[in-house]
Amino acid sequence: MKTHTLYFVAAVLLIPGTSLGATTCSRANLTRCLDSACAINISSNPAARCQYCGTASAGAAPTDNGMRSISVGSSAKYNISDKDLKKAPTDPSERYAWAAKQCIKKVSGCTADDVADVYDELIEQSCKAAGISAEFTALASEIGQERTQTVCSNEIKNCVILDKNCGADYRQCTENADFDRVFAACSVEASGCDSHISGIRDTLIASRDNAVENREKLLANIVKTYQTARENRLKAARAQCENGAGRDDCVETVCQNNMINQCADGHADERSMAIQLCKFYDTACAALK
């Protein structure tokens with residue numbers, strides 16, 4: 001994701017992007033969705049994106065009295081509803097992160113990276129229109145400053161559990177050497193988190209150990225389930241072999257369903273044929289002894 005201005009905050013708050021197979025993110029629909037929260041009445045207020053989802057330095061957005069319009073389309077399918085917008089944060093950076101999470105849910109195949117690629121430049125353009133482009137230079141310098149442990153922890157964890165790193169279940173980092181390699185790389189990318197690194201590592205190691213332990217328990221349970229099923233099938237098979245019970249049932253079934261006279265008295269040839277057809281029971285039972 002871009003580390004552009006203050007929007008790096010959104011990256012650590014968003015749901016981590018997941019692979020959705022062949023689904024491709026529609027950036028047009030993603031823009032429509034984000035605009036429904038960040039570009040209200042932009043036709044009459046070019047600074048709307050900056051005011052709603054950029055920076056408080058752009059000033060407060062005009063009060064929305066019900067006459068709302070967005071810049072790209074009006075498909076209700078991809079717009080955040082008025083009801084949900086009432087829950088949206090008023091702080092611009094928080095609102096942007098909130099809107100991004102809503103839109104990733106609405107537009108299939110989109111990730112936090114798509115949000116940044118699609119929308120950061122639009123917000124910057126809006127802020128320039130508001131005449132505060134200098135604010136971005138100041139905000140960019142804040143990236144290197146110390147951040148809270150929660151923000152740092154989220155950012156590093158989201159990096160660690162990427163598929164290309166440890167994976168969500170830590171499958172690729174069961175060994176400490178692998179985990180340390182990934183954690184070190186992710187820590188370098190998380191600027192301003194130096195004082196929190198040790199605590200974050202301890203927390204993630206505990207999460208890793210718990211994930212590995214639970215996976216081993218699950219595998220053990222699966223093995224036990226299959227073993228029990230096999231034992232039950234064997235027990236049932238052996239019960240069929242007791243005193244020729246299975247073979248006798250087979251003979252009666254063949255007689256009833258396949259013989260014209262149903263092996264009645266005087267038709268010993270039919271019963272003899274049924275016995276021959278069910279001979280496989282004797283072979284199978286001999287193997288089970």
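This is a predicted model: local features need pLDDT of at least 70, side-chain atom pairs count only at pLDDT 80 or more; totals for chains, interfaces and linings use all residues.
Residues are numbered from 1 along each chain as its sequence is written, and side-chain values use heavy atoms, with hydrogens and water left out.

Stay on Gln262. Its phi is positive, about 55°, although the residue is not a glycine. Gln262 sits in the loop between helix H11 (245-258) and helix H12 (268-277). Helices here are DSSP runs of H or I, at least four residues long, numbered from the N terminus.

Next, select Asn41. Here too phi is positive in a residue other than glycine, near 55°. Asn41 belongs to the loop between helix H2 (27-38) and helix H3 (48-53).

Now the cores. Select Leu30, Ile80 and Tyr119: these have the most contacts inside the largest nonpolar core, which has 31 residues. A nonpolar core is a set of buried Ala, Val, Leu, Ile, Met, Phe, Trp, Tyr and Cys residues joined through side-chain atoms within 4.5 Å. Colour H2, H3, helix H5 (92-106) and helix H6 (112-129), the elements that give two or more residues to this core. H5 provides the largest share, six residues. Apart from this core lies another, of 18 residues, including Cys152, Ile156, Val160 and Cys173.

Zoom in on Tyr119. Not counting residues up to four places away in sequence, Tyr119 touches Thr31, Leu34, Asp35, Cys38, Ala39, Arg49 and Tyr96. Contact means heavy atoms within 4.5 Å.

Which rings pair up? The count is three aromatic pairs. Rings of Phe, Tyr and Trp (its six-membered ring) pair if their centres lie within 6.5 Å; planes under 30 degrees apart are stacked, over 60 edge-to-face, the rest tilted. Tyr96 and Tyr119 make a tilted pair, 6.0 Å centre to centre with 35° between the planes. The pair links distant parts of the chain, with Tyr96 in helix H5 and Tyr119 in helix H6, 23 residues apart. Both Tyr96 and Tyr119 are buried.

Select Phe179 and Phe183 next. Their ring centres are 5.8 Å apart and their planes at 15°, so this pair is stacked. The two are four residues apart in helix H9, hence separated by about one helical turn. Phe179 is buried at 0% relative accessibility, and Phe183 is buried at 5%.

Show the whole of H9. Its buried residues are Phe179, Val182, Phe183, Cys186 and Ser187. Down the axis of H9 they fall within an arc of 135°, so they line one face of the helix. That arc is taken over the directions from the helix axis to the C-beta atoms. On the face turned away from the buried side, find exposed Ala177, Arg181 and Val188.

Finish at Gln172, in the loop between helix H8 (149-160) and helix H9 (176-189). Gln172 is partly exposed, at 41% relative accessible area. Its contacts, not counting residues up to four places away in sequence, are Asp163, Lys164, Asn165, Cys166, Gly167 and Asp178.

Technical notes: Buried means under 20% relative accessible area, exposed over 50%, partly exposed in between (1.4 Å probe, protein chains only).
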